[in-house]
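Here's a quick briefing for anyone meeting this structure for the first time. Have a look at the sequence and model, then read on.

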Amino acid sequence: MARFLSRSTRQLYGSQSLLQPQQHAVPTRCFAKEAVPKALKGDEMLKGIFLEVKKKFETAVGVLRKEKITIDPEDPAAVDQYAKVMKTVREKADLFSESQRIQFTIKQRTDGIQDARSYLLALKDIRLKRGLTDELGAEAMMMDALEKVEKDIKKPLMRNDKKGMALLTEEFNKINQKLGIRKEDLPKYEEQLEKKIAKAQLEELKKDALEAMETQKKREEFNDEEMPDVKSLDIRNML
């Protein structure tokens, strides 16, 4: 899946906001229910997790039973509709979007990191482990900017150094301008990311459906039966 996400995700990583942890606060509703009270142990904890996952699953299936999905990844309207359905699923089942998942991973992995260099290296590690590519070369530019600032202040840059971080933010602004990235465009990049995911998932659904029909067609009792067009399939009838 990462191959489909890289083009839009790279712009999320290129944003200057990455070095400001307060901007990564994911709405509590996105993950609060996933937290397990510390007092719960063993079977109680597992039961709580199971019931929560079961509830989310049933909510998601409930949405999919009502909404029409057309398995046609080449039709922009079908992709848009599928993206809207999946957004509804996430909202009703209280699930992360891909951008929220990235933000949460960054926040979780970088809590407690004091210096800017370790923070940037942590971001690179997250990107590599998710299989994402840095096609714009933003990481190298960000490290060069950090080198320049640390040379000016003659010491490692700490994230609580307001003056030093202000200098780094200025350098990141220059990088963003050079790459054509604007903070106010982040919602647009997130929407593009979700559409890429929607198209990738529709392609996977189409592939699975075609493989299933080909397997069915090889059975003797179905030799004379014409297989339907994938676009005509209605997932609601199969749930």
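The second largest pocket has a volume of about 310 Å³. A pocket here is an open set of points on a 1 Å grid over the protein atoms alone, where a 1.4 Å probe fits, with protein on both sides within 12 Å along at least five of seven lines. Grid points are joined across faces, edges and corners, and the volume is the space filled by probe spheres set on them. This is a predicted model: local features need pLDDT of at least 70 and side-chain atom pairs 80 or more, while totals for chains, interfaces and linings use all residues. Residues are numbered from 1 along each chain, and side-chain values use heavy atoms, without hydrogens or water.

**Pocket lining**
- Lining residues (those with an atom within 4 Å of a point) number 18, and Tyr82, Met86, Arg90, Ile197 and Gln201 lie nearest the centre.
- The lining splits into 12 nonpolar, 2 polar and 4 charged residues.
- Domain 1 (46-95 + 182-221) and domain 2 (96-180) both give residues to the lining, so the pocket lies between them.

**Salt bridges**
- The whole structure has 19 salt bridges, meaning a Lys or Arg side-chain nitrogen within 4 Å of an Asp or Glu carboxyl oxygen.
- One of them joins glutamate 194 and arginine 90 at 3.5 Å, N to O.
- That pair ties helix α8 to helix α3, 104 residues apart.

**Confidence**
- Mean pLDDT (the predictor's confidence in each residue, from 0 to 100) is 83 for the protein chain.

Notes: Ala, Val, Leu, Ile, Met, Phe, Trp, Tyr, Cys and Pro count as nonpolar, Asp, Glu, Lys and Arg as charged, and the others, Gly among them, as polar. Domain bounds come from an automatic or database domain assignment. Helices (H or I, at least four residues) and strands (E, at least two) are DSSP runs, numbered from the N terminus.
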